[in-house]
Amino acid sequence: MALNARLDHRDPLVFDTHELGRRPGALQRLTRTIDAPVDLGIQGVIGVPEGAPVELELRLESVMEGVLVTGTARASAKGECVRCLEPLEQVLEADFQEMFSYPDADDRGRPKAEPVDDAEDDEDTLFLEDGLFDLEPVLRDAVVLALPMQPVCQDDCPGLCSECGARLADDPDHHHDAVDIRWAALQGLAGSLEDGEKDELSGAEPGVDEKQEK
């Protein structure tokens, strides 16, 4: 990622590293509860509702290249069971670790002699800006990885009845008396044959009687 643009220190997901003083080995631990930003999770599947509390525990460590951020996010995620379509809620705990680099240092932590505009090298790099870093992109990635792609209300959820849509967990004995269409066709054919035989018999009786009379 390219150099961050004008981070706002008032943003709850923007953190200040000035206390570390750019001293390798310096540590800082932080805890903060924030309101979840919009679309935090897997859109349309499961996620943390906008404005819901998200607890953050962070460990900031100064290294030669920048600041290594290790942390955990905890929140309550809501979604819909993919089997029975009932609402569900689950506890989310997402771990993450990310390096925020000094924009004026090379990969060994040494000051660059001259600024170099290398978009390819910066594509996957997160930078500090005036000692600040934005945790939001890291948090989003961590939450998506921690959430299930196919959430279920319980591991053995039986889902819905394929015929009427009833929730099978509410009625374990739910069933339909299914008739195989192949047998139904044979039954219809058998019925037709029986009717034909009756017609033949009823048509033969007058002839038999005539012969008997003769």
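The following legends describe an overview and several close-up views of a predicted protein model.

Residues are numbered from 1 along each chain as its sequence is written, and side-chain values use heavy atoms, with hydrogens and water left out. Because the model is predicted, local features need pLDDT of at least 70 and side-chain atom pairs count only at pLDDT 80 or more, whereas totals for chains, interfaces and linings use all residues.

**Figure 1. Overview of the predicted fold.** The protein contains three helices and nine strands, where helices (H or I, at least four residues) and strands (E, at least two) are DSSP runs numbered from the N terminus. Their order along the sequence is β-β-β-β-β-β-β-α-β-β-α-α. Of the 214 residues, 29% are buried; this term denotes under 20% relative accessible area, with exposed being over 50% and partly exposed in between (1.4 Å probe, protein chains only). Among contacts (heavy atoms within 4.5 Å) between residues at least 6 apart in sequence, 65% join residues at least 24 apart.

**Figure 2. Confidence along the model.** The mean pLDDT, the predictor's confidence in each residue from 0 to 100, is 82 for the protein, and 70% of the residues reach 70 or more.

**Figure 3. The salt bridge between Asp 104 and Arg 22.** The closest N and O atoms of this pair are 3.0 Å apart; a salt bridge is a side-chain nitrogen of Lys or Arg within 4 Å of a carboxyl oxygen of Asp or Glu. Asp 104 lies in the loop between β7 (87–101) and α1 and Arg 22 in the loop between β1 and β2, so the pair ties together parts that are 82 residues apart in sequence. Both partners are partly exposed, Asp 104 at 37% relative accessibility and Arg 22 at 42%. The phi angle of Arg 22 is near 55°, a positive value in a residue other than glycine.

**Figure 4. Positive phi at Asp 39.** Asp 39 is placed in the loop between β2 and β3 (40–42). Its phi is near 55°, a positive value in a residue other than glycine.

Figure 5. Glu 129, in the loop between β8 (126–127) and β9 (132–134), is buried yet has no salt bridge. The nearest side chain of opposite charge (Lys and Arg count as positive and Asp and Glu as negative; His and the chain ends are not counted) belongs to Arg 6, 6.5 Å away. The backbone nitrogen of Arg 6, however, lies 2.9 Å from a polar atom of the Glu 129 side chain.

**Figure 6. Further salt bridges.** The structure holds six salt bridges. In helix α2 (residues 136–146), Arg 140 and Glu 136 are four residues apart, separated by about one helical turn, and their closest N and O atoms are 3.0 Å apart in a salt bridge. Arg 140 is partly exposed at 23% relative accessible area, as is Glu 136 at 22%. Asp 8 and Arg 10 also meet through their side chains (3.1 Å, N to O); Asp 8 is partly exposed at 32%, whereas Arg 10 is exposed at 66%. Glu 57, Arg 74 and Glu 93 are linked in a network of salt bridges.

How values were computed:
Polar contact = N/O pair within 3.5 Å; in protein donor to acceptor, adjacent residues only side chain to side chain.
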